[in-house]
Amino acid sequence: MTLNRRRFLQSSLAGAAAAACWLKVPGLARAKGSEELIRMSERPLNYESVRSTFTTRITPVGRFYLRNHFDIPKVDIATWRLKVRGLAEKPLSLSLADLERMPQAKVEAVLQCAGNGRGLFTPQVPGVQWRFGAMGNAEWTGVRLKDVLALAGPKQDAAFVQLQGAEKPAMSATPKFIRAIPLAKAIHPDTLLALKMNGKPLALNRGSPARLVLPGWVGDDWVRALVDVEIRSDEPKTFYYDTAYRFPVAPGAPGAAIPADQMKPMTTINVKSLLGSLKDGDVLPPGVHPLAGVAFSGEAGIDRVELSFDAGKSWTAADLDGPATPYGFRVFRHAWKAEPGSYEVACRATDSNGATQPETPVWNPGGYLFNAFDRVKVEVRS
Amino acid sequence: MTRPIVTAALLFGAAAWAADKPTALDERTKALVEGQLPDDPARPLVQGKCMLCHTGEYLTQQRLTEGQWQKTVEKMRKFGTPATDEEAKTIVGYLARNWTPDLPPPRLVRAPLPRGSIPGK
């Protein structure tokens, strides 16, 4: 009938370990600054964060990017229900109050749009031309998805969990935004049905009243205003799962078509870093400048961040704040003794699995998972 | 006497061409980079069809080949955009003439947070 006991025991222990790790982390620094974003499109709402946002570990909600395929759904919280159905012993219809009564868990994790950096690929590919700001790190609080699934009792052949939010396309012919994740990720103790972001209830545009949080995984599965969970034995044949959001199994030549059977759904975020305290075109006086930025990598912590001031010819290790967190931003810092001249400042991170950001990203037709090292051109002069 | 006049005329002509050409190109490029839809018989069609579901930035930030525009418009028709074959051809032509791979990147602007992005606001 349901998930076996060992699986649940393992996931519960892992959850306790993750919670303990989270509790050890010192006070969370929060970025200050105006509540502004960079508009990519007004309808649907697509806004990226300003580069200067990325100097602190937690991204404030007011500076956190927005990504939508469709218009924001008008959800009436009083009547909202989450249905859990499919291969379930006991199908469910849960209200927000039902979820609030369940044990609440907390996890800090980066939410990053799979297309963050799409606008930096050559040759260019269609889609929202995100540059660097379709990412952010937040504290998410809510119910473990595994607890919800346990109430429903997945049947023996359950293998995938299909997810659908309240959003609807403007045209009836447009495919609905339906995603799916393997059951193993759904029952991971850090996978949440979040009700809060940075300690406050989710705002309308953030997926109120409940959204998926899949720590370490790209944002396409972090379905907002979740209304339908279908436990399945197979993967759905829907556009946003079967065709879109797929990445090549092996890199191909930039610009070359890749056969559909050589594409697979994305899962974990790849290693990445971004300089938050400099931007292209900055003119700085000679002297010491404190630089800061953030680094992160899917389900691995950040081990090292290096900076280059000569377009990648030589590298200097940056200082890292605090202990590595499994899924969050790690802030890096460096006191740069800047002498007059023109500079291309670059940063690159290495994660605990030894993966390092490449100089050139893996080109792909969807423009996903850009993680070439970050570069900023600045002038130093009196 | 004739020679200086011809030379002056040539110089004037060259200067006018030099002044005219780059300026005209810069104005057009500037407008495209800023996200404007150039005046064109196809513009009302694009506004009427493409903007049923999204605002203009969705297309003005793209820098695509004609083949990529063709595929994009076909995808949108499958998604429900009510355009005939002839209208689709006109739309593709307009997009491919303007938002080309060699166009400079779009000028993106900062904007206040849309309503509903922060609890209670």
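I began with A:Pro123, which I found in the loop between strand 5 and strand 6 (135-144) of chain A. I looked up the peptide bond from A:Thr122 to A:Pro123 and noted that it is cis, with omega near -5°. I keep in mind that this is a predicted model.

I then turned to A:Arg43 and A:Pro44, which are joined by a cis peptide bond with omega of about -10°. I located A:Pro44 in the loop between strand 1 (36-41) and strand 2 (46-48) of chain A.

I also checked phi of A:Ala311 and recorded a value near 60°, which is positive in a residue other than glycine. I placed A:Ala311 in the loop between strand 18 (302-308) and strand 19 (316-317) of chain A.

**Confidence**

I looked up the scores for the complex and noted that the predictor gives an ipTM of 0.88 and a pTM of 0.89.

For chain A I recorded an average pLDDT of 92, with 91% of the residues scoring at least 70. I noted residues 1-30 of chain A, over which pLDDT stays under 50. For this stretch I found 43 contacts beyond four places in sequence in the model.

For chain B I recorded a mean pLDDT of 85, and 79% of its residues reach 70 or more. I marked residues 1-22 of chain B, where the pLDDT is below 50. Beyond near neighbours in sequence, I found that this stretch has 0 contacts in the model.

**Domains of chain A**

I noted the division of chain A into domain 1 (5-265) and domain 2 (272-380). I recorded that the C-alpha centres of domain 1 and domain 2 of chain A lie 26 Å apart.

I looked up the contact between them and found 35 residues of domain 1 of chain A in contact with 29 residues of domain 2 of chain A. On the domain 1 side, I listed helix 1 (5-24), strand 5 (104-112) and strand 13 (246-248) of chain A as the elements that give two or more residues. I noted that strand 5 of chain A provides the largest share of that side, 4 residues.

**Contact between chain A and chain B**

I recorded that the contact takes 27 residues from chain B and 31 residues from chain A. On the chain B side, I found that helix 3 (57-60), helix 4 and strand 1 (109-112) of chain B each supply at least two residues. I noted that strand 1 of chain B gives the most to this side, with 4 residues. I divided the residues of the side of chain B that touches chain A into 15 nonpolar, 9 polar and 3 charged.

**Helix packing in chain B**

I examined helix 4 (residues 66-78) and helix 5 (residues 85-98) of chain B, which pack at an angle of about 140° with their axes 9 Å apart. I therefore classed helix 4 of chain B as oblique to helix 5 of chain B.

I listed B:Glu66, B:Trp69, B:Gln70, B:Val73 and B:Arg77 in helix 4 of chain B, which meet B:Ala88, B:Ile91, B:Val92, B:Leu95 and B:Ala96 in helix 5 of chain B. I counted the residues of this helix contact as 7 nonpolar, 1 polar and 2 charged.

Terms used
Residues numbered from 1 in each chain as written. Chains lettered and ligands numbered in written order. Predicted model: local features only at pLDDT ≥ 70, side-chain atom pairs only at ≥ 80, totals over all residues. Domains from an automatic or database assignment. Contact = placed C-beta atoms within 7 Å. pLDDT = per-residue confidence, 0-100. Axes fitted to C-alpha atoms, helices over the stretch in contact; angles between N-to-C directions. Parallel < 35°, antiparallel > 145°, perpendicular 65-115°, else oblique. Nonpolar A, V, L, I, M, F, W, Y, C, P; charged D, E, K, R; others polar.
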